[in-house]
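This report walks through a few contacts in the structure shown below, beginning at the surface and moving on to charged pairs.

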Amino acid sequence: MAGTVPLDLFLASLELRSDVFEVETLDTMDNMDYIVFPSIDLLPEKKRDDFGKKMRNLFRSSEFSSVEFKKEVSVIFGGNIAGLICAKEFGDVFPFLRKNIYIPSSIYYASKQAFVKSGNRTFPMINKHGCTKFYYAPQEETGIMRRLKGLWYPEAFNNLEATVLLEMLVCIKEMDGDISGLEMVGRFPSEEESDDFQISRDIPVWLPAGASVGPQFTDHIKNQIKLTSEWMFDGYKQVNL
């Protein structure tokens, strides 16, 4: 688990009119309306293809083979790029749940707080070498976001992760599924989005949270989303420099 995120999320969610449980087995999944996987990237220094294989093996293991889910369950992954990888591997095993899978980005959320006046945003994505890099739009503006760069170990930025996971839950539960206020969220693309962004429908990426595409989705950002999708499709390979 990601440090104190489960506890932080539980404390923050006390105002929700729902029972919140931290579970260690999958026996009660069929009773859950919302399932949250905080970042389970416990060794972020490991290569991303190794992490992807680990998640693939986890979701294809005997532990998950007999699990049952509610038809309309919402499945939420934390961890930014690691969350996209987890969601992709989970969606491969449970494709019928893809439309219910969300990956909120704590990095994007932090940029919303940091760049209130300018309206600039930060997207965590993949560069041509297969490494995580921050991309800014509509304009380049780093500011305090520089301090969020680097590897996030389980004890790092727990409150930030818990906050964005709770925001995702509130949008789904308290706002009748209207997540447009998030501006951007990781999810599997629709057929129309697949054509527009030139990306695979089988890969979750950062996409608009509402019906309209905001100014932060510049051509440059769309190109990086496409590159990130292709990187995930090809197995999360990193280029040794």
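## Surface patch, helix crossing and salt bridges

V20 counts as partly exposed, because its relative accessibility is 32%, where partly exposed lies between buried (under 20% relative accessible area) and exposed (over 50%), with a 1.4 Å probe and protein chains only. The model is predicted, so local features need pLDDT of at least 70 and side-chain atom pairs count only at pLDDT 80 or more, while totals for chains, interfaces and linings use all residues. Residues are numbered from 1 along each chain as its sequence is written, and side-chain values use heavy atoms, with hydrogens and water left out.

V20 lies in the loop between α1 (5-12) and β1 (34-37), helices (H or I, at least four residues) and strands (E, at least two) being DSSP runs numbered from the N terminus.

A salt bridge is a side-chain nitrogen of Lys or Arg within 4 Å of a carboxyl oxygen of Asp or Glu, and the count by this rule comes to 14. Three of these pairs are listed here.

| Salt bridge | Closest N and O atoms |
|---|---|
| R48 and D41 | 2.8 Å |
| R56 and E89 | 3.1 Å |
| R121 and E183 | 2.7 Å |

R121 lies in strand β4 (residues 121-126) and E183 in the loop between α6 (158-174) and β6 (184-187), so this pair ties together parts that are 62 residues apart in sequence. R121 is buried, with a relative accessible area of 10%, whereas E183 counts as partly exposed at 25% relative accessibility. Both R48 and D41 are buried. R56 and E89 also belong to a network of salt bridges that includes K88, D92, R98 and D202.
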